[in-house]
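Open the model in your viewer and keep the sequence panel beside it. This tour goes from one selection to the next and says what is there.

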Amino acid sequence: MKYIIIFITYLIFIGYNNLSLAIDIQIRAKVKNEIITNIDIKHEIKYLIFLNPKLKELKESKIEEIAKNSLITEMIKRMELEKIYDFNESSKIINVLEANFFKRKKINDKEEFLNILKSKGMKYEKIRNKLQLEGLWNQFIYKQYFNNVK
């Protein structure tokens with residue numbers, strides 16, 4: 001009987017801790033069948049501030065709005081590009097884009113970049129995918145409108 005009481009107390013304690021540690025995930029936007037959550041917006045804010053530290057000077061609500069709009073734009077670009085490009089085959093361009101990004105941000109090498117991302121709680125693959133998407137999008141737009149430039 002004593003063990004049953006201890007076990008029940010243990011289960012109540014574990015259950016209480018799990019409830020207090022639960023993450024509140026909210027859907028903030030939907031683009032076709034893709035969703036954007038508050039967690040996605042939080043990660044995007046980190047990314048945008050990494051690119052432009054002056055964003056910290058804005059009100060938090062404005063930064064969240066910018067991040068949400070950035071994610072919506074990114075989703076739309078990805079959906080359109082997936083109709084044309086195979087993201088796996090376009091891996092050659094990402095190495096060039098990454099090297100250019102390092103130069104712009106005055107980062108010496110990949111290891112330094114990884115350390116910076118780790119210190120900011122950001123993931124390398126996410127950043128690499130964003131660079132690839134932007135590079136492919138720029139290439140797509142250039143090809144679409146090149147003949148219109150006179």
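A residue is called buried under 20% relative accessible area, exposed over 50%, and partly exposed in between, using a 1.4 Å probe and protein chains only. By that rule Asp-109, at 38% relative accessibility, counts as partly exposed. This is a predicted model, in which local features need pLDDT of at least 70 and side-chain atom pairs count only at pLDDT 80 or more, while totals for chains, interfaces and linings use all residues. Residues are numbered from 1 along each chain as its sequence is written, and side-chain values use heavy atoms, with hydrogens and water left out.

**Stop 1: a loop**

Select Asp-109, which is found in the loop between α4 and α5. Helices (H or I, at least four residues) and strands (E, at least two) are DSSP runs, numbered from the N terminus.

**Stop 2: the aromatic rings**

How many aromatic pairs does a search of the whole structure find? The search finds 7. Rings of Phe, Tyr and Trp (its six-membered ring) pair if their centres lie within 6.5 Å; planes under 30 degrees apart count as stacked, over 60 as edge-to-face and the rest as tilted.

Select Phe-50 and Phe-101. Their ring centres are 6.1 Å apart and their planes are at 45°, so this pair is tilted. Phe-50 is in helix α2 (residues 38–51) and Phe-101 is in helix α4 (residues 91–104), so the pair links distant parts of the chain, 51 residues apart. Both Phe-50 and Phe-101 are buried.

Next select Phe-102 and Phe-113. The ring centres are 5.0 Å apart with the planes at 55°, so this pair is tilted. Phe-102 lies in helix α4 and Phe-113 in helix α5 (residues 110–119), and the pair ties together parts that are 11 residues apart in sequence. Phe-102 is buried, with a relative accessible area of 9%, and Phe-113 is buried at 0%.

Ring pairs link Phe-50, Phe-101, Phe-102, Phe-113 and Tyr-124 into a cluster.

**Stop 3: charges over rings**

A charge sits over a ring if NZ of Lys or CZ of Arg is within 6 Å of the ring centre and within 35 degrees of the ring normal. Select Lys-105: its charged end sits over the ring of Phe-50, 4.9 Å from the ring centre. Then select Lys-130, which lies over the face of Tyr-47 at 4.8 Å from the ring centre.

**Stop 4: the nonpolar cores**

A nonpolar core is a set of buried Ala, Val, Leu, Ile, Met, Phe, Trp, Tyr and Cys residues joined through side-chain atoms within 4.5 Å. In soluble globular proteins, nonpolar side chains tend to be buried together.

Which residues touch the most other members of the largest core? Of its 25 residues, they are Phe-113 and Ile-127. The elements that give two or more residues to this core are β1 (27–31), α2, α3 (60–81), α4, α5 and α6 (124–145). The largest share, 6 residues, comes from α2.

Select Phe-113 again and show its contacts (heavy atoms within 4.5 Å). Leaving aside neighbours within four places in sequence, Phe-113 is in contact with Phe-50, Phe-101, Phe-102, Ile-107, Tyr-124 and Ile-127. A second, separate core of 7 residues includes Tyr-85, Phe-87, Leu-133 and Trp-137.

**Stop 5: salt bridges**

A salt bridge is a side-chain nitrogen of Lys or Arg within 4 Å of a carboxyl oxygen of Asp or Glu. The whole structure has 6 of them.

Select Glu-64 and Arg-28, which form a salt bridge with the closest N and O atoms 3.9 Å apart. Glu-64 lies in helix α3 and Arg-28 in strand β1, so the pair ties together parts that are 36 residues apart in sequence. Glu-64 is partly exposed at 28%, and Arg-28 is partly exposed at 34%.

Now select Glu-44 and Lys-130, where the closest N and O atoms of the salt bridge are 2.5 Å apart. Glu-44 is in helix α2 and Lys-130 in helix α6, 86 residues apart. Are these two residues buried or exposed? Both Glu-44 and Lys-130 are buried.

Finally, select Glu-80 and Lys-83, whose side chains meet in a salt bridge (3.0 Å, N to O). Glu-80 is partly exposed at 33%, whereas Lys-83 is exposed at 60%.
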